[in-house]
Amino acid sequence: MTQRETDTRSGTEVEPSRAPDPVRGGDRARSVERLARLFDRPWPSIIAAFVVSLGIGLLLVVLAGGTAAEAVDVAYRSTVGSQQGMIDSLVYTTPRLLVAVGVIVALRSGQFNLGAEGQLQVGAIGAALGGAFLAPSIPGPLALPVSLLLAMVFGALWAGLAAVLKVWRGCDELITTLLLNFIAIYLVQLMVQGAMKDPSSTFNQSKRVIAVAELPRFGFTRLHYGIVIAVACVVLVWFLLDRTALGLRLRSVGYNPVASRYQQLRVGRLTVAAMLISGAVCALAGAGETLGVQFRLIQGFSSGFGFEGLAIAFLASLRPGRALVIALIFGGIFSTATRLQQELGVTASLAYVVEGLPIVLLACAAGAQALRAQRKGIA
Amino acid sequence: MHNLVESFFWASAIALAAPILLAALGETFAQRAGVFTIGIEGLMLSGAFGAAAVASWSGDVIVGFAGAALAGAVLGALYGVAVVLFRADQVVVGIGFNLIVLGATSMLRRGLFPTGMEVPSTSALDRHELPLLGDLPWIGEVLFDQSPIVYALYVLTPFGVFLLFRTRVGLLVRAVGDGALASSAAGIRVPRIRMWVMVVNGTLAGAAGATLVLVNAGGVFVDNLVDGRGYLVLALTMFARWHPGWVALGAVLFGAADALQFIAQATFGGHVPTAVFLMAPYLLALAAWVVMGKRSRAPSDLGVPLLA
Amino acid sequence: MKRILALPFVVLLCLLALAACGTTSADQKEKEGSGEQSDGGQPKVAALFTQFVDQGNWDVTGYQAYEDMCSTYDFDCDYVEEASYERAPALLRQYAQDGYAMVITHSSGYAAAIQEVAPEFPNTQFVLFSYATDTGGLKNFSAWSVDWDQAGYLQGVIAGLSSKAGNISIVGGEQIPSTERAMALAEKGAQSVNPQAKVSRVWTGTFVDVAKAKQVAAQAIDGGADFVIPMADLAGQGVHQAAEAAGALSLGEYMDENSKYPQAIVTSITVDMAGAYDQIGAAYTNGELEGQIVQMDAQSGAFDFAPFHNVDAEVETAARKVLDGLSDGSTKVPSV
């Protein structure tokens, strides 16, 4: 620890000319490194955390007037126990998984991207722009790719803004991305009330996305190919981070920006690159909702799954493969909560409690372990 | 634009600043001690719920306010257990904590108040004109015809400055945030100080939530009442460079940006879309953040658990 | 340290085991009971609300009407609060798949979701209450559409008659098309009885942020308005609070709200949701739901005034005259 601290201090002296140091405040860099310790959470502890929190969820259902057996029955039917349950779970999984994978790119590269919510909102704007406005005037087969691409570009630029501000002005991206979330939400409002509003609609929403720009669906179910895109992103992000030179550089910036500079990595550029990729992937979550669920840009389409995606990323120890598993669990939790509300009248907010608890428990366990390791090391 | 010099505009700005300032004062101390509380959003929300719940049980808003502060203190301590004693990552815990509080307050509201909350009259916390001072032209209307909570802030803010920069307590807090390891080596009990700071932070955030629900919203609690104000508090604390005085000034500016919505809509309404005015406080915060970004120097151990 | 960490886990698991055991017996009974109920052959009906059935005015009035309908027509009823638009398609689909005969949505924002889901489930009737101009030619998507133009006009008339200063402010929530029209017509209404009336319009952007609505209304009153019209559903509570605190007047929405703010509320323009839901219940029972849009306006008796307070009797007389004119068609709301 002490060693690292001197590194940080002397690190800023290496290039005194570069005043707006992108890694200024060795604090954040070091806290990313601590996050790295979360990588090592073994499966048993993750399972234990979920068991505890599902248990508490069950207890809450009982306190809210349901019974444990009913709750378990509902949970079974709304996840693996019925076709509809599986489909719903997967539909809910899709945006959350995309956000999780997107923020993993940023977090592993040392960027605290808390702006997934904003990035998916502007992604939805991009998708609607493509699917409802541009698509009618371009060849059919291009409609969907163009819509998705537009969404990714919008999301990338939105996240890139935070990265540029960090490199140029030294603004901590954590706060920048948080603020950009709210601005993006109002931007969607601005769009559906003004420029993109469907004049014939009695609500604030855009025109419907044309049929060729829709994400195709599996058979006659409501499950759209967004889940395929999400899984593809899992693989691509894993490949990028673990199997490519760029990924290695990104991770080394995340792990230790100062050392990276010694190795003559262009930290500023890598920072921007990480955020661009992260924003593009997060934006796909918004595009999926727009092109596969709502078929139009609509105010309030996201019930805050930006933060749920972050939670998944943390629980998954920032590993894309694990994120897939955790996102499936979260999809199941959300599906269960929705059905619990329908059948037992238990507020769907239950999902937030059940999703939030394991994160806190695991973070505590990881912190305690790090402390123990440190003390042992000193002794 | 003569509206901008009107006393009521600035009086509104100050009234709107009160909850943000209350929470930001606590957060300033927490960050000075090295604890970055993303969960301030959740702490405020739990305070808001606590205030409405206790007020409707006890039939007294003052008791409700105290209940909120107590709830905030307890949750702040629990939060402290996670990030200070267990050395959990502060950002991760914050994200989880906010989710939990959002869900829990909503469930508790339905569970404990199936027929709705009956919050008594909040007049005790409404505006009370101060004698003599309130008679001053303009200044009296702006500063001295406010809620008692605002008057408390007139005392709390300078006290915060004094405590942070002129006392041994403040010195310890700053030392812990600027070099936890060194402080620890020098015999300062870092976890203990951080725990106390988290209790204070929780108390003030709880009080901020109570102000929001009892004063600003007149006792009507709705789910997710805080709605992002906690994140504004975080931004404010940081671009105000962890100085209670700057924090107060920034809070009033936010309040003014919020209060401007009415005047701006009345003046430009119909020509400029409403959403532009609604995002104004966040745009302002972002602008301030960009301007202040380079110059501010964070406590060097901000966000870092003490591993020793 | 490890053991300390494990302790709460163990305690919790024990608690859970206890909770699970303790509820099994109650469980069985409950199950039997509910089983009998659904076998009773009543049609299963569900409703979606955007907010809470116990807060504010819009959902509260709607829920009351819904409950009444359920008992009158002997439906087996369910409802979901806070049904966000993200979840709406899934909720509608689930209800339809679970064999619900009718799903009622209590907001115009659900139209998009219904249009996606309804074609797949011809055996479920989807009904939208609030405002719709088009149900996409679907046989199983009907709408009860309130004429918000008339409601807004009436609000303006009462404000124009009651305001002594001739200065009125309208506080809107989310800027949705129906409210936008209602605001424009409220201005016309106020000016129809007081040509000099000055009307300002402000949006808070949300139907739930009471604090924001309160502050905006307080500023409007400080700016000279002595009558504020809330068009913000739940957040309208803040408008009433501001009016009561500053001695100004306000107007209730959908149901008689006077008891909550007796010093401020002049009257409330009630919307006959009970009547509408009763029609829905009857239409379903008689098999008459076939994609129609039922207009709810003054002519159909959808609007009424709650008892007047805080103003001279002439206000009520004059306002009733306008309502009667709208009812018999002799008065028409101007176009905007």
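Colleague: How many salt bridges does a search of the whole structure find over all chains?

Modeller: The search finds 23 salt bridges over all chains, where the term stands for a side-chain nitrogen of Lys or Arg within 4 Å of a carboxyl oxygen of Asp or Glu. This is a predicted model, in which local features need pLDDT of at least 70 and side-chain atom pairs count only at pLDDT 80 or more, while totals for chains, interfaces and linings use all residues. Residues are numbered from 1 along each chain as its sequence is written, chains are lettered from A and ligands numbered from 1 in the order in which they are written, and side-chain values use heavy atoms, with hydrogens and water left out.

Colleague: What makes the contact of A:Asp73 with A:Arg77 a salt bridge?

Modeller: The N to O distance between their side chains is 3.2 Å, which lies within 4 Å, and therefore the pair counts. Both residues belong to helix α4 (residues 68-77) of chain A and are four residues apart, about one turn of the helix; helices (H or I, at least four residues) and strands (E, at least two) are DSSP runs, numbered from the N terminus. An α-helix has 3.6 residues a turn, so residues three or four places apart point the same way.

Colleague: Which salt bridge pairs B:Arg110 with a residue of another chain, and why are its partners called buried?

Modeller: The side chains of B:Arg110 and C:Glu81 meet at 2.1 Å, N to O. This pair crosses between chains, from helix α4 (residues 90-112) of chain B to the loop between β2 (76-80) and α3 of chain C. B:Arg110 has a relative accessible area of 17% and C:Glu81 one of 6%, so both stand under the cut-off for buried residues. Elsewhere, salt bridges that share partners join A:Asp73, A:Arg77, A:Arg339, A:Glu343 and C:Asp98 into one network.

Colleague: Why is helix α3 of chain C described as mostly covered?

Modeller: Nine of the 10 residues in this helix (residues 88-97) are buried, including C:Leu91, C:Leu92 and C:Arg93. In chain C as a whole, 59% of the 336 residues count as buried.

Colleague: What makes B:Thr28 buried, and which residues does B:Thr28 touch?

Modeller: B:Thr28 lies in helix α1 (residues 7-32) of chain B, and its relative accessibility of 0% places this residue in the buried class. Leaving aside residues up to four places away in sequence, B:Thr28 touches B:Leu164, B:Thr237, B:Trp242, B:His243, B:Pro244 and B:Val247, a contact being heavy atoms within 4.5 Å.

How values were computed: Buried means under 20% relative accessible area, exposed over 50%, partly exposed in between (1.4 Å probe, protein chains only).
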